[in-house]
Amino acid sequence: MITIETFVRFLDLGGTFVFALSGAVAAVNRRLDVFGILVLAFVTGNVGGITRDLLIGAVPPAALTDSLYLLVSVVAGLVTFSWYAGVDRLRTPVLLFDAAGLSFFAIAGAQKAVEFGLSPVSAALLGMLTGIGGGMLRDVLIAEIPQVLRSDLYAVAALAGASTVVIGNMAGLPYGVSAVAGGVLCFGLRFMAIRHRWHLPTAHLSANARAEADPSNDEKPH
Amino acid sequence: MITIETFVRFLDLGGTFVFALSGAVAAVNRRLDVFGILVLAFVTGNVGGITRDLLIGAVPPAALTDSLYLLVSVVAGLVTFSWYAGVDRLRTPVLLFDAAGLSFFAIAGAQKAVEFGLSPVSAALLGMLTGIGGGMLRDVLIAEIPQVLRSDLYAVAALAGASTVVIGNMAGLPYGVSAVAGGVLCFGLRFMAIRHRWHLPTAHLSANARAEADPSNDEKPH
Amino acid sequence: MITIETFVRFLDLGGTFVFALSGAVAAVNRRLDVFGILVLAFVTGNVGGITRDLLIGAVPPAALTDSLYLLVSVVAGLVTFSWYAGVDRLRTPVLLFDAAGLSFFAIAGAQKAVEFGLSPVSAALLGMLTGIGGGMLRDVLIAEIPQVLRSDLYAVAALAGASTVVIGNMAGLPYGVSAVAGGVLCFGLRFMAIRHRWHLPTAHLSANARAEADPSNDEKPH
């Protein structure tokens, strides 16, 4: 008999594994040593959930008290370390797994925030943060602007999935139903964005403004 | 009848709006998409207060439970997205608004820390952190050294304003009085620093040391 | 009569001082102003412990409630600001002090996590995090990939020291004994790594994979 808790935990662990893979691949590409690979795998797989837990007051965070999260991250790191070529060749599957991981995290994160009594808007935001937080810190640690800030409906998909769970919850639907709906929506949006190169618009700059809008422009105003 | 709580909340929301503007401008200059702009607006406007709330144990943080903070950040992001040229042309006014936001955050942050029973020194530091935290994470997310670490009495002004509130509190002054004094001090310092290009000193390096002091020099000692 | 609490606090303050020195040196090398130097000194010396305290729910963190941590960090920053050439010439001693600081932090961090009832695995990880967290944020703030992710058994030494404390605790040894053993192990590993340029392996890439494994490669999968 599978309870909701078991189901949420399974989703979380699955998401952790695929996110940890993406962190490990980034670490190998930066020539980090094996320990750096493991750290980046753990960070990418767990920091989204850890941040959510800090913000809702669920300390110590599940990623620290439940050793399976660490184990899953370490396995992902070691697999990448040992068979980088293999993992890297799996780029398309990894993208799909990553979309699955994002869906898992977004719906599990939103549900946990709801259970801790947060408002619907906050719970949806925290679901999104659970999905994107790990990848953001991964990119910060390799000194790059986070991918999630500029591509492919990534955060939007997470927010859509998380919002579905929250709305389902408000409508009194069983969690299983809204989780599946939210997961399908998040995965579907992300899948279509990858496949059809969907992008969100960037700000429209006049030719004039474009000449001016070099990065140094925002250095003066804080 | 305006209570202290209403007043503090109003200051906080005003500060959030101008900080969110500066985050959105930085995002547009990096060509982030509209969602990246909204995220950077929210981060810049709210992370200082969120960090303060985490450190004093006020979870979930006000920026998550009170939807007005999100609304104000999203409006600032959308305004910048839609009228970037207009917002960017307002650089000098934005600098002044930013100084006002810094003052709001520093005094409101210090007051909240005092109310949570922190020591005077800690409360002053937390007031400063509330003021500078959002801008620091904004710069980290666009992969740059935070402006606040190298310019124009920014953090010093925040610390001066926060300290004034704390000292006024210890002296038994009504909050309104010390808040106004702290705000004027912070805003005034920042205004003078912008106008007269005041800078804090950097370390004096001998010609010899200067040749050596390239960034790679600190790579060996951790 | 020295109690365990006094001893742990002394270790913590000693570690804070040497870590703050390394943060201040990095800030001077980036030409930050005196306030930026102080901020980076405080961050490097205290963020590891602050993060640990957030994660175990010990808020407000000791680094904020106990003003000695601030004082020690400020002194380290001012010393570096005033005598940069002197501090920089002490590179080898600073490396040794840094190894000592790492040992202090790792064993004190692990012990505090044990006292807060965390599981052995979590406590060992938190000890390591206490040791490496400050240096990681220091490098993030100067927009670089953290040193600790790619060099010289740094995090491994911290993990070994922290694990020794945790294992000693499970075996019922007095804290003094396991702290000394863990500290010697951590310091010794780090000392040997510096002296003999020990490195951990990086992932083996075929010639083919190496050509492909440029940093842009991980940009597509999140």
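In chain B of this predicted model, helices α2(B) and α7(B) lie oblique to each other, because their axes cross at roughly 135 degrees. At the crossing, the two axes come within 7 Å, and the handedness is right-handed. A helix pair in chain C, α2(C) with α4(C), is also described below, with an angle of about 130 degrees.

**Helices α2 and α7 of chain B**

- Helix α2(B) covers residues 34-56, and its partner α7(B) covers residues 120-141.
- On the α2(B) side, the residues that meet α7(B) are B:L40, B:V43, B:T44, B:G45, B:N46, B:V47, B:G48, B:G49, B:T51, B:R52, B:L55 and B:I56.
- Facing them from α7(B) are B:L126, B:L129, B:T130, B:G131, B:I132, B:G133, B:G134, B:G135, B:L137, B:R138 and B:L141.
- Sorted by class, this contact has 10 nonpolar, 11 polar and 2 charged residues.

**Helices α2 and α4 of chain C**

- Helix α2(C), residues 34-56, packs on α4(C), residues 67-82, with the axes 8 Å apart.
- The angle of about 130 degrees makes α2(C) oblique to α4(C).
- The crossing of this pair is right-handed.
- From α2(C), the contact is made by C:V34, C:I37, C:L38, C:A41, C:F42, C:G45 and C:N46.
- The α4(C) side supplies C:Y69, C:L70, C:S73, C:V74, C:A76, C:G77, C:T80 and C:F81.
- By class, there are 10 nonpolar and 5 polar residues here, and no charged ones.

**Chain A as a whole**

- Of its 222 residues, 61% count as buried.
- Among contacts in chain A with a separation of 6 or more, 70% come from residues 24 or more positions apart.

**Helix α4 of chain A**

- The 16 residues of α4(A), residues 67-82, should span 22 Å at 1.5 Å a residue, and this agrees with the 22 Å between its end C-alpha atoms.
- Buried residues in α4(A) include A:Y69, A:V72, A:S73 and A:A76.
- Further along α4(A), A:G77, A:T80 and A:F81 are buried too.

**A glycine to look at: A:G168**

- A:G168 sits in helix α8 of chain A, residues 154-170.
- With 23 other C-beta atoms within 10 Å, A:G168 is buried, because 20 or more are enough to count.
- Leaving aside neighbours within four places in sequence, A:G168 is in contact with A:L173, A:V177, A:S178 and A:A181.
- A:G182 is 14 residues away from A:G168 in sequence, and the two are 9.0 Å apart from C-alpha to C-alpha.

**Backbone details in the loops**

- In chain A, a cis peptide bond joins A:V59 and A:P60, with omega about -10 degrees; A:P60 is in the loop between α2 and α3.
- In chain C, C:V59 and C:P60 are joined by a cis peptide bond with omega about -10 degrees, and C:P60 is in the loop between α2 and α3.
- B:A143 is not a glycine, yet its phi is positive, at about 60 degrees. B:A143 is in the loop between α7 and α8 of chain B and counts as partly exposed, with 18 C-beta neighbours inside 10 Å.
- C:R31, again not a glycine, has a positive phi of about 60 degrees. C:R31 lies in the loop between α1 and α2 of chain C and is partly exposed, with 15 C-beta neighbours inside 10 Å.

Technical notes
Residues are numbered from 1 along each chain as its sequence is written. Chains are lettered from A and ligands numbered from 1 in the order in which they are written. This is a predicted model: local features need pLDDT of at least 70, side-chain atom pairs count only at pLDDT 80 or more; totals for chains, interfaces and linings use all residues. Axes are lines fitted to C-alpha atoms, for helices over the stretch in contact, and angles run from 0 to 180 degrees between N-to-C directions. Helices (H or I, at least four residues) and strands (E, at least two) are DSSP runs, numbered from the N terminus. Angles under 35 degrees count as roughly parallel, over 145 as roughly antiparallel, 65 to 115 as roughly perpendicular and the rest as oblique. A crossing is left-handed if the near helix is turned anticlockwise from the far one by less than a right angle, and right-handed if clockwise. Two residues are in contact if their C-beta atoms, placed from the backbone, lie within 7 Å. Ala, Val, Leu, Ile, Met, Phe, Trp, Tyr, Cys and Pro count as nonpolar, Asp, Glu, Lys and Arg as charged, and the others, Gly among them, as polar. The expected span of a helix is 1.5 Å times one less than its number of residues. A residue is buried if 20 or more other C-beta atoms lie within 10 Å of its own, exposed if 12 or fewer, and partly exposed in between; C-beta atoms are placed from the backbone.
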